[in-house]
Each structure stands twice: as structure tokens, then as C-alpha cells.
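Please read the sequence alongside the three-dimensional view below, and follow the explanation with both at hand.

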Amino acid sequence: MASISRQLAQWITGLRYEDLPAAVVDRAKGVTLHGVASMLVGSQTKSGKQAVQFVTQEESTSRNGATLVVYGTQVTKGGAAFANSEMAMSGGKLDSFRMLTHPGTSIIPAALIAAETAGATGQEYIAGVAAAYEAMERMAADFIPSVMARGFHASPVFGIFGAAIAAGKILRMAEDQMNSCIALCASLAASNLEGLRSGGKLLREGAAVRNAMLAVALAQQGHVGGETVLEGEAGFYHAYTGNNTGRLSYSFAGATQANLASITAGLGKDWIFLETLYRIYSTAG
């Protein structure tokens, strides 16, 4: 059987706008508006302004860059990924999948950068967003509590995959490139919880989206990421959940076992993306 990343890459690169159910198209538009609204709010917050100031001072560019939302400044793609995601996060209008992940803070900034870079159509953008949410949420669904229990914040740990998939899809990656892009994200994923417990501030989705753009750029240049990086004996699930067999240390409903094969089962038929919730108020779960 093909690896998980290979199955995802085949589905993602083959997905067309015409394949999307009406409810999925509607949700992709909705989470985009939700994410942009959060950026608008976040652009006026202290942490949002700090992120913009940082990348403006360090990474301004006159060519081959991307635009900072609201401010219009051209910076590097990595810089725009970081600052736009930070604005979305600080705005607080976050969407939510199973409470502890916020896909839009990773996916929407990356998708907007890729659409700007590629001159993509609206339909290409929506297909990229839908593919990214579906793949990320399938990867995360059963494993979120176990990842959190090992000291990592699940939202950026899985968010990097969503961001990279959205950008790669909109940038029209081929299957092998997408497979490598997903694999590279396993090496670039992170976000440790201890800093928050000891008086610090978490480095979260902003860093994840920045690293996602690095994974995309490397895959475009032909960097091969590997074939069993997700489910292998030293792979992503082993590293972030403690094993590659689906055994759960914690779960939402008391389950002790998940099936890695369920990540790709029914792709394009059963849309877990539709479980994504909008956050109406800027409050915690």
C-alpha cells in the first residue's frame, strides 16, 4: 500500500474545484472571511503590530515577495507568512477543529500568499483551502490530545501541514513535489508548551506557517522528503504521539487506539472539513 503522504499527495494534486460539494465550497469561503476578519482585528493589536514591525525591518523586499495584509508592505514570503498568521492569531476570531487546533490561522495566510504568487483564480484558491483543511484535520483528528500530552501544541504541529498543502496546491505542485512537501513538514513541525508554563509566550502558528513556506520552496526545488515520514518507525506519529501504531495516551472520548489508515479512508467522499467551527467570541474553549 502507498504511504500516507503519497495517498494524500495523489488526492490533493488530483482534486479539482468541480469535485467539491457545495457545502465544502461555502465553508472554504466562510473560513477565509473568518480568517481575514481576524487579521483585520489583529493588525491593530500590540502583538500584531510587533510581528509586522519585525518582518518589515528584517525582511522587506521589492521583488519576489508577498504582501502584509492590511499594511500592504512587500516582504519575503516567509516574513508575510509569519506576520499574517500572527495577526490572525492575535485577532482572536479563530476557527476551531476539535477545540485544540485552529486551522485557519495557518492555512489562510499560506493560501493567500500562494494565490498572490501564482496569480491563482478564485476556484484554485478554494480548492487549495479545501484540500488543506481536509488533509490537516484528518491527520490531527484522533491524535490531538496525545500530542498535547507530550508537550507540543497540536495546532501548529498539524497546522504546518495545512499551510504547506494549501500553498503547494495553489502553486500547482506535482504529486512528487507534494509528497516531499508533506514529508518535509514533519522535520519542520514544532511548538513546545513549556515556555507558556514558565512565564514565556508560545511560538505557534506564525512559525509553523513560515516553516511551511520553507517546505514548499524546498519541494519546488526538488528536495526529496522521503516516503514513510508520517507512519515510519522514526516518523512523525512516532515522534509526536509516542508510537506509530495508533496507540493513544489520551483521547477525546476515552479511546486507546486509532487507525492510521483512517486518515486517508474516504478521501473526497466524507468531508471532515465540515466539522470546522467558527469562533464567534474571542474566548478560549
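The model is a predicted one.

Two packed helices are described by the angle between their axes and the distance between the axes. Helix 9, which covers residues 175–188, packs against helix 11, residues 205–220, at an angle of about 140 degrees, and their axes lie 8 Å apart. Since angles over 145 degrees would count as roughly antiparallel, the two helices are therefore classed as oblique to each other, and helix 9 passes helix 11 in a right-handed crossing. On the side of helix 9 the contact is made by Gln177, Ser180, Cys181, Leu184, Cys185 and Leu188, which meet residues of helix 11 including Asn211, Leu214, Val216 and Leu218. By class, the residues of this contact divide into nine nonpolar, four polar and no charged.

In soluble globular proteins, nonpolar side chains tend to be buried together. The largest nonpolar core here has 92 residues, among which Phe158 and Phe236 touch the most other members. Helix 6, residues 122–140, gives this core its largest share, with 12 residues. Once neighbours within four places in sequence are left aside, Phe236 is in contact with Val157, Phe158, Phe161, Ala186, Ala189, Val229 and Leu230.

Arg204 is located in the loop between helix 10 (194–197) and helix 11. Is this arginine, Arg204, buried or exposed? Its relative accessibility is 18%, and because buried means under 20%, Arg204 counts as buried. With neighbours within four places in sequence again left aside, Arg204 is in contact with Met89, His102, His153, Ser155, Pro156 and Ser191.

Note on methods:
Residues numbered from 1 in each chain as written. Predicted model: local features only at pLDDT ≥ 70, side-chain atom pairs only at ≥ 80, totals over all residues. Heavy atoms only, no water. Axes fitted to C-alpha atoms, helices over the stretch in contact; angles between N-to-C directions. Helix = DSSP H or I, 4+ residues; strand = E, 2+ residues; numbered from the N terminus. Parallel < 35°, antiparallel > 145°, perpendicular 65-115°, else oblique. Left-handed = near helix turned anticlockwise from the far one by under 90°. Contact = heavy atoms within 4.5 Å. Nonpolar A, V, L, I, M, F, W, Y, C, P; charged D, E, K, R; others polar. Core = buried A, V, L, I, M, F, W, Y, C linked by side-chain atoms within 4.5 Å. Buried < 20%, exposed > 50% of the residue type's maximum accessible area, 1.4 Å probe, protein only.
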